[in-house]
Amino acid sequence: MAKIFLFRHAQTTDNLEGIFSGRRDPDLTESGIEEAEKIALELKDEPVTKAFSAPTTRTKHTLDLVLKPHKGAVITIADPRIRERDYGDLTGKSKKKTEELYPKEYPLWHRGYGTPPPNGESLKQVEVRVLEFLKEVLANLRQNDVIFISASANSLRPIRRYFEKMSEAQMASFEHERGKIYEYEV
């Protein structure tokens, strides 16, 4: 049996300010560093064999902090298929102001499954690339593998949907709690 541990990157400056990050590359805040260290403490006894992140500062920094207690060579891969959703024209903009300016469109852009923000990606489009990544990970699992995945909120949604058998609406409906670890046995 193999295990997969999934966690959201820790708090960034954009998270703190309520900004759509998307393809922006903010780093962790001091609170974010503490969150990642908490995850590291919880996972310190897991014999990790492989670790994945998106190629962004926030996901790689989170993963580096989580792996700190692990001695030895852990294979780490930054995979662009698990990068954050592209928010297009909303990137770098305030979520609160966007909701005020576009009250009808905001729920669809923010959490709609099939509706992308202007010049951005829908959750459905994100799901396609993330599931391609997940299928490859699952196809290459060995018995007793322990995999860590550090990703952004919208990249976690399809993975959680896959393992937890969620509907599209359920997958799109929640905020991921930073510092929470999702564990799956495969």
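1. Where does Asn 144 lie? In this predicted model, Asn 144 is placed in the loop between α6 and β4, and its phi is positive, at about 70°, although the residue is not a glycine. Most residues other than glycine have a negative phi. Asn 144 counts as exposed because its relative accessibility is 54%, and the cut-off for that word is over 50%.

2. Lys 165 is not a glycine either, yet it has a positive phi of about 55°. With a relative accessibility of 69%, Lys 165 also counts as exposed.

3. Turning to the helices, α6 covers residues 123-139 and α7 covers residues 153-164, and the two pack at an angle of about 60° with their axes 8 Å apart. That angle makes α6 oblique to α7, and the crossing of the two helices is right-handed. Two packed helices are described by the angle between their axes and the distance between the axes.

4. The residues that form this contact can be followed from both sides: α6 contributes, among others, Leu 123, Val 126, Val 130, Phe 133 and Leu 134, while the residues they meet in α7 include Pro 158, Ile 159, Tyr 162 and Phe 163. Sorted by class, the contact of α6 with α7 has 11 nonpolar, 2 polar and 4 charged residues.

5. The buried residues of α6 are Leu 123, Val 126, Glu 127, Arg 129, Val 130, Leu 131, Phe 133, Leu 134 and Val 137. The elements they pack against are β2 (50-53), α5 (106-111), β4 (146-151), α7 and α8 (168-173).

6. Another helix pair to examine is α2 (residues 30-43) with α3 (residues 57-67), whose axes come within 7 Å and cross at roughly 40°. These two helices are therefore oblique to each other, and their crossing is right-handed. Ile 33, Ala 36, Ile 39, Ala 40 and Leu 43 of α2 make the contact with His 61, Thr 62, Leu 65 and Val 66 of α3. These residues divide into 7 nonpolar, 2 polar and no charged.

Conventions
Residues numbered from 1 in each chain as written. Predicted model: local features only at pLDDT ≥ 70, side-chain atom pairs only at ≥ 80, totals over all residues. Heavy atoms only, no water. Axes fitted to C-alpha atoms, helices over the stretch in contact; angles between N-to-C directions. Helix = DSSP H or I, 4+ residues; strand = E, 2+ residues; numbered from the N terminus. Parallel < 35°, antiparallel > 145°, perpendicular 65-115°, else oblique. Left-handed = near helix turned anticlockwise from the far one by under 90°. Contact = heavy atoms within 4.5 Å. Nonpolar A, V, L, I, M, F, W, Y, C, P; charged D, E, K, R; others polar. Buried < 20%, exposed > 50% of the residue type's maximum accessible area, 1.4 Å probe, protein only.
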